[in-house]
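Open the model in your viewer and keep the selection tool at hand. The stops below follow one another, each with something to select.

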Amino acid sequence: MNQVFNTPAKVIITCNKRLSIYLQQEVQELGFKPTRVFSTGVELKLTLNECIRLNLNLRCASQVLYSLHEFTAENPTELHQKLVLLPWETLIDFSGYFSVTSNVDNPTITTPLFANLRVKDAIVDRIKEIHKIRPDSGSDYSKAVVHLYWKDNNAEIFIDTSGETLAKHSYRKIPGKAPMLEALAAGTIYATGWDQKSNFINPMCGSGTLAIEAAMIATKRAPGLLRMNYSFMHILGYDEEVFFAERRALKDQVIKHIDFKIIASDISEDAVDISEKNARTAGVDTLIDFVVCDFADTEIPEGTGVVMFNPEYGERLGVHSKLEATYKRLGDFMKQSCKGYKGFIFTGNPDLAKKIGLRASNRIEFYNGKLDCRLLSYELYDGSKREKLAEEVID
C-alpha cells in the first residue's frame, strides 16, 4: 500500500446524477479510458499520481476515489477486524489528521456515523500499535480522507484523493441567491454543444456562474488553478513535484484572449457586482461584459452563439403569475431578438416551461440537487424554419 502513487488500482470518479455523460467526455479528453460509466460516476484503473491530474482538471466531478481493498463484512465488528489488518501506517502520518466518509447500506447499521467511527477506530488502532501514538481524526476534509462503500456484505475502502468536493470550483466567494453548483453549470454548458468560439450570452446571470464557467471552458482554465489543497497531499509518499508539474502545464495551456463576446446581464446591481467579484477571483473578469439591465435589453451581438437562461422556477406546485409572465417574456425575447442563436432555458418547473411559447427541440435531463430539471433547447432560426431547412438542403 505504500506504493499507491505508482500502483494502478480501481478509481471511481463520482458526480451528481445525470452528469456522468459529461464527466466521461472530460475524462476521455484527458486521454484516459473509462472501464465503466454509471449514473453517478465513471470507473477507471489508474495510479494515485494520475488521480492528481483528474483532480486538477475535472469540472463535472465530485470526488476521485482510489480503491485500497475490497472485502466482505456482515457487521461493524467484522468491518473493524478486516480494516485493522491493512497497513494504514504506510498511508497516514501518525502525527497527522484524517477523516472518514461513507456510503452505507447494511442492515446492521442505523446511522453511517457509526460505520465511520468503526473505520476510524480500525485506522487508529493499527497506527497506534505500530507507532505508540495515534493520529487525530474528525470531520475536517482538508487533510487525509478515507471513504467506505458498504452495501449488504460487500465493502470497499478508498482514499478520497479530493477531500473537499471538486463540484465547487473555488471562485464563488459570494454565492448570491439560489446559485447553480459549478459542476452542474459546466455540465449544462457542455450539453448545449457550444463551440467555445461563438458568442455566449447569459441574461439573468445571478451570481455569474454560467458566464464564468463558459469563460473558463473557452480559455482552458482548469478549476485546479484556483485550488491549492487536496486530500492526496496528505497521504504518505506524495511527491509535490507531480502536482506542480501538472499545475505548470495547466497554466501554459490557458488562452489569454478571445475574439467573441461573453455577456452576463442582470436587473439586480447586487447580482452583477457579485458576478464581477466572482469572475475576478476566477481570473476571467476581463473576458466577460457585465451589464445591469432587464434581460430583454441584453445586447445580442451579430453572428451566432448560445443564449442561456437559468431563471427562477419557484415551487413545483403553485405556479406564480409573476413567473408565468417572465417565462412568456423569455420566449418572446428569444424569438424576436436572438435569431440565428441557439436558446437554452434551465428549469425545474414544467408548468412554467409551457408559458415560454416556443417548441423545444430537445429536453436534456438534469438534477439540481434533488429537483428533476430540464435544459430546454430552442433553434432560433434567422428567418422562417422552412427557409433555414431549404438552405440546408441546397447546401
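Grid points are joined across faces, edges and corners, and a volume is the space filled by probe spheres set on the points. The largest cavity has a volume of about 60 Å³. Select N55, L56, L58, L166, K168, H169, S170, P223, G224, R227 and Y230 to show its lining. By class, that lining has five nonpolar, four polar and two charged residues.

A word on the model. It is predicted: local features need pLDDT of at least 70, side-chain atom pairs count only at pLDDT 80 or more, and totals for chains, interfaces and linings use all residues. Residues are numbered from 1 along each chain as its sequence is written, and side-chain values use heavy atoms, with hydrogens and water left out.

**Helix 2**

Next, select residues 48–57, which make up helix 2. Helices (H or I, at least four residues) and strands (E, at least two) are DSSP runs, numbered from the N terminus. Is helix 2 enclosed or open? Eight of its ten residues are buried, so helix 2 is largely enclosed by the rest of the structure. Buried means under 20% relative accessible area, with a 1.4 Å probe and protein chains only. Colour L48, N49, C51, I52, L54, N55, L56 and N57 to see the buried residues. Their cover includes strand 1, helix 1 (20–29), strand 3, strand 4, strand 8 and helix 7 (240–253). Contact means heavy atoms within 4.5 Å. Helix 2 lies across strands 1, 3, 4 and 8, and runs at about 145° to strand 4. Axes are lines fitted to C-alpha atoms, for helices over the stretch in contact, and angles run from 0 to 180 degrees between N-to-C directions.

Helix 3 lies across strand 4, strand 7 (144–151) and strand 8, at about 105° to strand 4.

Eight of them form an open sheet in the order 2-3-1-4-8-7-5-6, with mixed pairing. Strand 2 (36–38) and strand 6 (136–138) are the edges, each pairing on one side only. On average, neighbouring strands are turned by 30° against each other, direction ignored. Two strands pair if DSSP finds at least two bridges between them.

Zoom in on strand 1 (residues 9–14) and strand 3 (residues 41–46). They run antiparallel and are joined by six bridges. Pick I13: its bridge partner in strand 3 is V42.

Move to strand 7. Six of its eight residues are buried, so strand 7 is largely enclosed by the rest of the structure. Strand 7 pairs with strand 5 in the parallel sense over eight bridges. There, F98 stands opposite A144. With strand 8, strand 7 pairs in the antiparallel sense over six bridges. V146 stands opposite I159 in strand 8. Strands 7 and 8 form a hairpin with two residues between them, and D152 in the turn has a positive phi of about 55°.

**Two pockets**

A pocket is an open set of points with protein on both sides within 12 Å along at least five of seven lines. The largest pocket holds about 870 Å³ of space. Select M204, G206, D266, N310 and E312, the closest to its centre of the 32 lining residues. Helix 9 gives the most to this lining, with four residues.

The second largest pocket has a volume of about 730 Å³. Of its 27 lining residues, T14, L65, N103, H147 and Y149 are the closest to the centre. Strand 8 gives the most to this lining, with five residues. The lining divides into nine nonpolar, eleven polar and seven charged residues.

**Last stop**

Select T188, in helix 5 (residues 182–192). T188 counts as buried because its relative accessibility is 0%. Which residues touch T188, leaving aside its neighbours within four places in sequence? Show M180, L210, M308, F346, F366 and L375.

Notes: On a 1 Å grid over the protein atoms alone, a cavity is a set of points where a 1.4 Å probe fits but cannot get out, and a pocket is an open set with protein on both sides within 12 Å along at least five of seven lines; lining residues have an atom within 4 Å of a point. Ala, Val, Leu, Ile, Met, Phe, Trp, Tyr, Cys and Pro count as nonpolar, Asp, Glu, Lys and Arg as charged, and the others, Gly among them, as polar. Buried means under 20% relative accessible area, exposed over 50%, partly exposed in between (1.4 Å probe, protein chains only).
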